[in-house]
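Here are a few notes on the aromatic side chains, written while going through the model. Have a look at the structure first, then read on.

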Amino acid sequence: MQFHHHGYVSGDPRIEEAAGHGVDRPEELPDDMDVLIVGTGPAGMILAAQLSQFPEVCTRIIERRPGRLEIGQADGIQARSVETFQAFGFANQIVDEAYHITEMCFWKPDPENPENIVRTARPLDDPQGISEFPHLIVNQARVLDYFAEFAAHSPGRITPDYGIEFLDLQNTGEGEYPIHARLRYTAGNREGEERTVRAKYVVGCDGARSPVRSSIGRKLTGDAANHAWGVMDVLANTDFPDIRTKCAIQSVNGSILHIPREGGHLFRMYVDLGEVPVDDNHAVRDTSLEDIIDKANSILHPYSVDVKSVAWHSVYEVGHRLTDKFDDVSEAETGERTPRVFITGDACHTHSAKAGQGMNVSMQDGFNLGWKLGHVLTGTSPEELLSTYSEERQVIAKNLIDFDKEWSTLMAAKPEDLPDESTLEDFYVKTAEFPAGFMTEYTPSLITGGTENQGLASGFPVGKRFKSAKANRVCDANPVHLGHQAVADGRWRIYVFADRPAAGEASRLADFAEWFAHDDASPQVRCTPQDADDDAVFDTKVVYQQPHTDVDLSRVPQAFLPKVGEFGLVNRDKVYATLPDEDIFEERGISRDGAIVVVRPDQYVSAVLPLTDREGLAEFFGPILVER
C-alpha cells in the first residue's frame with residue numbers, strides 16, 4: 001500500500017483525501033447527477049465502490065430500505081470474489097471473519113438400511129489449487145458493509161441515500177442529463193413525497209422485480225423447475241457429525257444442502273420440499289418454519305437437529321430466467337446509439353441459490369460496468385466502451401443458468417434416479433472451476449484481443465482473470481503476489497516480462513521501455529493527461545528473469561520508475577524479479593524472450609503480445625482510450 005507521496009499521513013492510510021464531488025458532498029440527493037445507482041445489493045455496492053475512485057463523476061446510490069441490510073440472504077463467497085475483495089482492500093478482514101470451506105461431505109442412504117443416511121465421500125473443495133484464496137461463507141450484509149466503507153473512504157466519498165424508492169424513468173434523449181427518474185421517499189421527514197431527478201446514466205441493481213428493468217422494456221424469461229426448497233439459518237444442537245462441514249445430503253425422504261456459517265455455531269440448510277404442482281399458485285411459499293424443520297429431521301435420520309433460534313428463513317421455488325440484453329439499446333438501435341440505462345444481478349438473471357453464484361456473479365456485473373462508466377465519464381474512453389457491458393455479461397449469465405440447472409436438478413434427484421452412486425460428487429469435483437468463478441472467458445471484442453500470441457504467456461489466458469503468482473519486489477526484497485498489488489482504482493495494468501539477452505545483445509525490454517515512456521505513439525504518452533502522474537492511466541510493472549540481487553535499480557528504465565504525487569517522488573514498487581523456488585516464468589508459461597500481458601481494470605487479461613510488438617500495443621489501445 002502506497003501513501004505519503006502527497007505528504008506525511010498520520011491517520012488511517014485507507015481513508016483517502018476527498019476530491020471532486022467528494023469534497024463537501026451534499027447530504028441531499030441533487031437534481032442532476034452523472035450516475036444514479038438503484039439498489040444497495042452486491043452489484044450496486046461494488047459499482048459505487050468502483051466509481052468512488054472517480055471523484056470527477058457525480059454518483060449517487062439510492063435504496064428504498066431506511067438503512068443498511070442487516071440479514072443477507074446470500075452467503076457463499078467464491079474464490080474469484082475474494083480476489084476481487086483484495087483489489088478493494090478488505091480480503092484479509094473478510095477471510096479472518098468468514099467460515100472456510102475446505103472439503104464437502106456427501107451423504108446417501110445406507111445400502112443396509114435405506115431409512116438412514118451414511119457419509120459416502122468427502123472430496124477437497126479445491127483439489128486443483130485454482131486460487132490462492134479460500135472459498136468462504138459470510139453474511140452478505142457484511143460484504144456490503146465492507147464495500148460501503150471503501151466507498152465512503154475513497155475520494156468520491158459515496159454513501160447510500162437510504163429511504164428513497166425508484167418508480168420509473170424516461171429517456172428524453174435531450175440535454176446533458178437525458179434520463180429523468182421519478183423517485184419517492186419511503187422514510188424520514190419527506191416520506192411519501194415524489195420528485196424527479198436527472199442523470200446521464202442509470203443502473204438498476206434492484207433485484208428480480210426490478211422497476212428499472214420494467215422501465216426499459218426488458219423482461220426476465222425462462223422457466224421454473226416446479227421444485228421448492230425451504231432455507232433456514234439456525235442455531236441448534238445436533239448429533240449430526242458433519243454439522244461444521246459443507247454437505248450434500250440425499251435420503252429417501254429428500255435432500256439437504258448444508259452450509260456452516262461464520263461464527264462457529266450458525267448453519268444454513270436448504271431443505272428439499274419436493275415437487276410443486278403446476279396449479280399450486282405459490283401456496284408452497286406458505287410452508288411453516290416448523291414444517292421445514294420437521295422435513296430436515298426426516299431427511300437427516302438417524303440424526304436430528306434441535307433448533308434453538310432462527311435468524312432467518314424463507315421458501316423459494318427454483319426458477320431460471322434471463323433477459324436478452326442488460327441495457328436499454330434495442331436490436332434496431334444497436335450500433336446507432338450507446339446505452340444510457342443498465343441492469344445488473346437479479347434484475348437480469350435469476351437462478352437457484354444452491355450453486356452459491358447470485359452474489360458472486362452480481363458483483364462481477366458491477367465491477368465490469370463500474371470502471372467503464374468511470375472511463376467514459378472522465379473522458380478517458382469513448383462511449384462505445386459501454387456497449388461491451390451487455391455483450392460480455394449476458395453470455396456469462398447464460399452459462400451460469402445452464403450450470404445451475406444441471407446442479408439443482410442433481411441436488412433434487414433421488415439417489416436411485418442418478419446414473420450411478422457417485423454422480424453428484426463427481427459433478428461437484430469436475431466442475432469446481434465454474435462455481436469458484438474462474439470459467440468466465442471473454443471473447444474477442446473492443447477490449448479483448450485474440451489468442452495468436454497466447455503461447456508467449458500460456459498461464460495468462462486472454463479473456464480470463466489474471467491468475468496471480470509470486471514475484472520478488474526488488475526495492476525491498478519482499479516476495480509478494482503480483483496480482484495483489486493491483487487495486488480497484490480504474491487503471492489498466494501492463495505486466496512486462498523481460499527478456500534476458502546474452503552479453504553484447506540488445507535488450508528488447510530497454511527498447512520497449514524507451515518507446516513506452518517517450519514515443520508519441522505510446523499509449524502512455526498519448527493518453528496520460530499532462531498534469532497527471534506518470535502512472536495515472538497505466539500501472540506498468542516489469543518482471544526480470546534473474547534474482548533480485550542481480551537487478552540494479554539504477555539501470556532499470558524510467559518507464560518502470562514513474563514519478564508520482566506533487567513532489568514527483570519515484571515509485572520503486574513496480575520492479576520485480578523471480579524467486580528461487582517460485583519462478584513466475586515457469587509457473588505461468590512465459591517466454592524467455594519476454595512478453596507483454598495487458599490486464600483491464602477488473603482483472604481480466606485483455607491481450608498477450610511479444611515484447612517487440614509496440615505497434616500492436618498502440619493499435620490495441622487506439623479505439624479504447626482517448627488521446628489526452
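1. Keep in mind that this is a predicted model. A search of the whole structure turns up 28 aromatic pairs, and I picked out a couple to go through here.

2. Start with Phe88 and Phe147: the ring centres are 5.3 Å apart and the planes sit at 85°, so I'd call this pair edge-to-face, given that over 60 degrees is the cut-off. The two come from distant parts of the chain, 59 residues apart. Phe88 is in the loop between α2 (79-87) and α3 (91-97), while Phe147 belongs to helix α4 (residues 140-153).

3. Buried or exposed, Phe147? Buried, with a relative accessible area of 0%. Phe88 has 3% relative accessibility, and because buried means under 20%, Phe88 counts as buried too.

4. Next, Trp371 and Trp492. Their ring centres lie 5.6 Å apart with the planes at 85°, so this pair is edge-to-face. Trp371 is part of helix α7 (residues 358-377) and Trp492 is part of strand β21 (residues 492-497), so the contact ties together parts 121 residues apart in sequence. Both Trp371 and Trp492 are buried.

5. Trp371 and Trp492 belong to one aromatic cluster, together with Phe512, Trp515, Phe516, Phe538, Phe620 and Phe621. I'd display the whole group when looking at this part of the model.

6. Last, a charge over a ring: which residue lies over the face of Tyr201? That's Arg340, at 4.8 Å from the ring centre.

Key:
Residues numbered from 1 in each chain as written. Predicted model: local features only at pLDDT ≥ 70, side-chain atom pairs only at ≥ 80, totals over all residues. Heavy atoms only, no water. Phe/Tyr/Trp six-rings, centres within 6.5 Å; stacked < 30°, edge-to-face > 60°. Helix = DSSP H or I, 4+ residues; strand = E, 2+ residues; numbered from the N terminus. Buried < 20%, exposed > 50% of the residue type's maximum accessible area, 1.4 Å probe, protein only. Lys NZ or Arg CZ within 6 Å of the ring centre and 35° of its normal.
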